[in-house]
Amino acid sequence: MKELLLYQFRSEFRKKSIFYSLILYLVSLVFINYLSVGSQRLSPGIWSALFWMALLAALVNAIAKSFINDRPGAVTYLYSIVSPELIIVAKILYGFLLCAGISCTGYFFFSLWLADPIEDKSLFFLTLILASFGFSAALSLLSAIASKTNNASLVMSVLGFPVIIGILLMAIRITRNCIDALEWAASIDELMLLTGINLLAAAFSYLLFPYIWRS
Amino acid sequence: MVAMKSWWKVLSILLLVYTVIGGFLLEVPRLAIINESIRGLYFHVPMWFTMILLFVLSVLFAVRYLSRHDLVYDRISASFAQAGLVFGILGILTGMVWANYTWGTPWHGDPKQNGSAITALIYLAYFVLRGSLDNQEQRARLSSVYTIFAFAAMIPLIFVIPRMSSSMHPGSGGNPGFNMYDLDSSMRKVFYPAVTGWILLGIWISSILIRIRNAEEKIVDLEYEKNS
């Protein structure tokens, strides 16, 4: 298990260009947002919508990489030594760490260029963590599906967007509450639902992945 | 023999004829704002019941495919999904007609409207996925996995989130639903037959789609035999 996770990291860092291109992609997205809204003060709703839209694009691309770019030889090798359940768990955990890193980077650049209206930092980071896990759990499986098709990246976004709307909606609502500095009780429903969706997505990925892996 | 086997199709037609005639002509409760648009109930609500039933059947057959690996189940599952999608789109359209008169705009951004649009997107994506895979086995397996996963992801979207947010849709957010409007039970006389009729029609359409898919499969097989 630990070796598998480490293997993910090593193979990812070997392809440094992908990692850097993801970060650059995110930074350019934030910068485009900044140029298009200028320096005006954004309302909480607009800020959280822009923030999550930028993250959505970056995170979908990040997770899409988790299967689409795997070399065929490496896949066959992995297939022969470990069970599919282990692989999906490793991919989800790796994707979770990657997403969490990307979201924090995104937040940093947003606060640099588009001001930082977040009042309740701890709740906001909790949301970032939960949403990162949700994205990773929901999209890793879809990435595996999409990697089998002819036009993988397009299919990936078509399949992914409807499935993660729930996570995104909840995250945007909690972020708005964070900006308005409401107490935690105001967002408890959303937090519960976000956790619920995460568990659901993770459980179904775990159950369904072996069927895809077999081919 | 034919009449015995297809009695439910005849029943479906009779019920739907009754729904259209009775739905437009029978007495309905007089209510402010809603007025005659309350008749949409006979068409809009059964569409959703049918859609959900067809999607559930589609998921069940997808599960069955994954456990049995027989392509027949995949064709059944895809046919139910296709018919369900048609009913979903019709449900959205009938809802928009009603909303245009009652809420003043066809798309009000109500949580239920958005949820149903997302559902339609999910199933359109399902067919995009099927279209972009050439290998039959692979298409069956991957689309089965996707439809199960998407259905699971859809449950919070259409059953939980709309209940959490305020909505103007009848029957939610403190708005009276069907039971409150229909004080003298006069609408039930049309509503229950309407639901039965539409559901039967949905299953009928699906069964035809299944037969078309099976026939296409047979044609491919025959051509393959002829050429080899």
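Is B:T19 buried or exposed? In this predicted model, which considers local features only at pLDDT of at least 70 and side-chain atom pairs only at pLDDT 80 or more, while totals for chains, interfaces and linings use all residues, B:T19 is buried, with 21 other C-beta atoms within 10 Å. Residues are numbered from 1 along each chain as its sequence is written, and chains are lettered from A and ligands numbered from 1 in the order in which they are written. A residue counts as buried if 20 or more other C-beta atoms lie within 10 Å of its own, as exposed if 12 or fewer do, and as partly exposed in between, with C-beta atoms placed from the backbone.

B:T19 sits in helix 2 (residues 7–25) of chain B; helices (H or I, at least four residues) and strands (E, at least two) are DSSP runs, numbered from the N terminus. Leaving aside residues up to four places away in sequence, B:T19 touches B:Y42, B:V190, B:P193, B:A194 and B:G197, where contact means C-beta atoms, placed from the backbone, within 7 Å. B:A194 is 175 residues away along the chain, yet the two C-alpha atoms are separated by 5.4 Å.

Now for chain A, which has eight helices and zero strands. Its C-alpha atoms fill a box of roughly 55 × 35 × 30 Å along the principal axes. Buried residues account for 41% of the 215 residues in chain A. Among contacts in chain A between residues at least 6 apart in sequence, 86% join residues at least 24 apart.

Then there is the meeting of the two chains, for a complex that the predictor gives an ipTM of 0.79 and a pTM of 0.81. The contact draws 26 residues from chain A and 24 residues from chain B. On the chain A side, helix 6 (121–146), helix 7 (152–179) and helix 8 (188–213) each supply at least two residues, and the largest share, ten residues, comes from helix 8. A:L159 touches residues of both chains, among them A:L142, A:I145, B:A125 and B:L129, not counting residues up to four places away in sequence.

Note on methods:
Contact = placed C-beta atoms within 7 Å.
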